Amino acid sequence: MKRIINKVKDYWHSDTSFITLLVMLFFMVFIMPVLLEGAVVDILFLNILFLTLYFIGIFSSEDKWNIYVSSFLFLAHLILLMIRFDDTPKEYYLLERLVGLVNMSLFIFINVRLLFRNAERNIFRVIGAVNVYLLFALMGAFAFEILKIQTGKSIAGNISLQNNDTDYAAYIYYSLVSLTTVGYGDIYPDGMASRMLSVLLSAVGILYPAVVIARLVTNNIVSNKEL
């Protein structure tokens, strides 16, 4: 059993794991909203995917404290999810989303550390950079939903929010629109907090690629000097 766990950890610490994560994130960000809107899959499948993502974060961690925190957040999210899908009222929904936001933030931190470790530069690291970009979009979707639950204002426009998991398609869509600074105008921020969050995502969408490119160029210069 220990050998299997070590093999799994070795894989998620390797650069090739970025490809697996990219496939998973591509499905969650671009395919899942379409399937949810068409009622091809239900919300339980969406939540299982998020739990799988957080579980991967445990094995992706290189620092023991990250492992402890990732494990705690995974268990907390699992318990809150089990409560919500039981007959218990949904008063824990906000807490579940807050735990998910913290978990996503930690997962981004873990993947950034993996991305820039040992100053190596290859195609897998580029894929890893794309993964982090998509993770920012998921984190933004959580943040917009939390604003809606807490303040009653988040996003508005050509949408009908149900205040449950089925709203995921609208939130991830608007999060991506903000992150990529596209701004179609069919959905817009409602309230100052949502406006500031939209601007923050836009700033991240502009600055993050610049930082990654600068880091890769720096690594390339350092490598050439060493040669």
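Colleague: What volume does the largest pocket have?
Modeller: About 410 Å³. Bear in mind that this is a predicted model.

Colleague: Which residues are closest to its centre?
Modeller: Pro 33, Glu 37, Ala 169, Ala 170 and Tyr 173. They are part of a lining of 18 residues.

Colleague: And which helices each supply at least two residues of the lining?
Modeller: Helix H2 (17-37) and helix H7 (168-179). H2 gives the largest share of the lining, with six residues.

Colleague: How does the lining of the largest pocket split by class?
Modeller: There are 13 nonpolar residues, three polar and two charged.

Colleague: Switching to aromatics. How many pairs?
Modeller: The count is twelve aromatic pairs. Take Trp 65 and Tyr 68: their ring centres are 5.5 Å apart and the planes stand at 85°, so this pair is edge-to-face.

Colleague: Why does that angle make Trp 65 and Tyr 68 edge-to-face?
Modeller: Because planes over 60 degrees apart count as edge-to-face, and theirs are at 85°.

Colleague: Where do Trp 65 and Tyr 68 lie?
Modeller: Both are in helix H4 (residues 64-84). They are three residues apart, about one turn of the helix. In an α-helix, residues three or four places apart point the same way, because there are 3.6 residues a turn.

Colleague: Is Trp 65 buried or exposed?
Modeller: Trp 65 counts as exposed, at 57% relative accessibility. Tyr 68 has 48%, so it counts as partly exposed.

Colleague: Phe 144: buried or exposed?
Modeller: Phe 144 is buried, at 0% relative accessibility. Tyr 174 is buried as well, with a relative accessible area of 6%.

Colleague: Which residues do ring pairs link into a cluster?
Modeller: Phe 50, Tyr 54, Phe 142 and Tyr 168.

Colleague: Back to H6. How many residues, and what reach?
Modeller: H6 has 29 residues. From first C-alpha to last it spans 43 Å, close to the 42 Å expected at 1.5 Å a residue.

Colleague: How many of the residues of H6 are buried?
Modeller: 21 of the 29, so H6 is mostly covered: buried means under 20% relative accessible area.

Colleague: What follows H6?
Modeller: Gly 152, with a positive phi near 85°.

Colleague: Which residues have a positive phi without being a glycine?
Modeller: Ala 39 is one of them, with a phi of about 60°. Thr 181 is another, at about 55°.

Colleague: Where are Ala 39 and Thr 181?
Modeller: Ala 39 is in the loop between H2 and helix H3 (43-60). Thr 181 is in the loop between H7 and strand E2 (187-189).

Colleague: How accessible is Ala 39?
Modeller: Ala 39 has a relative accessible area of 64%, so it is exposed. Thr 181 is at 42% and counts as partly exposed.

Colleague: Last topic, confidence. What does the protein average?
Modeller: The average pLDDT is 87, and 92% of the residues score at least 70.

Colleague: Which elements have the lowest and the highest mean pLDDT?
Modeller: Helix H8 (residues 192-226) has the lowest, 79. H7 has the highest, 95.

How values were computed
Residues are numbered from 1 along each chain as its sequence is written. This is a predicted model: local features need pLDDT of at least 70, side-chain atom pairs count only at pLDDT 80 or more; totals for chains, interfaces and linings use all residues. Side-chain values use heavy atoms; hydrogens and water are left out. On a 1 Å grid over the protein atoms alone, a cavity is a set of points where a 1.4 Å probe fits but cannot get out, and a pocket is an open set with protein on both sides within 12 Å along at least five of seven lines; lining residues have an atom within 4 Å of a point. Grid points are joined across faces, edges and corners, and a volume is the space filled by probe spheres set on the points. Helices (H or I, at least four residues) and strands (E, at least two) are DSSP runs, numbered from the N terminus. Ala, Val, Leu, Ile, Met, Phe, Trp, Tyr, Cys and Pro count as nonpolar, Asp, Glu, Lys and Arg as charged, and the others, Gly among them, as polar. Rings of Phe, Tyr and Trp (its six-membered ring) pair if their centres lie within 6.5 Å; planes under 30 degrees apart count as stacked, over 60 as edge-to-face and the rest as tilted. Buried means under 20% relative accessible area, exposed over 50%, partly exposed in between (1.4 Å probe, protein chains only). The expected span of a helix is 1.5 Å times one less than its number of residues. pLDDT is the predictor's confidence in each residue, from 0 to 100.
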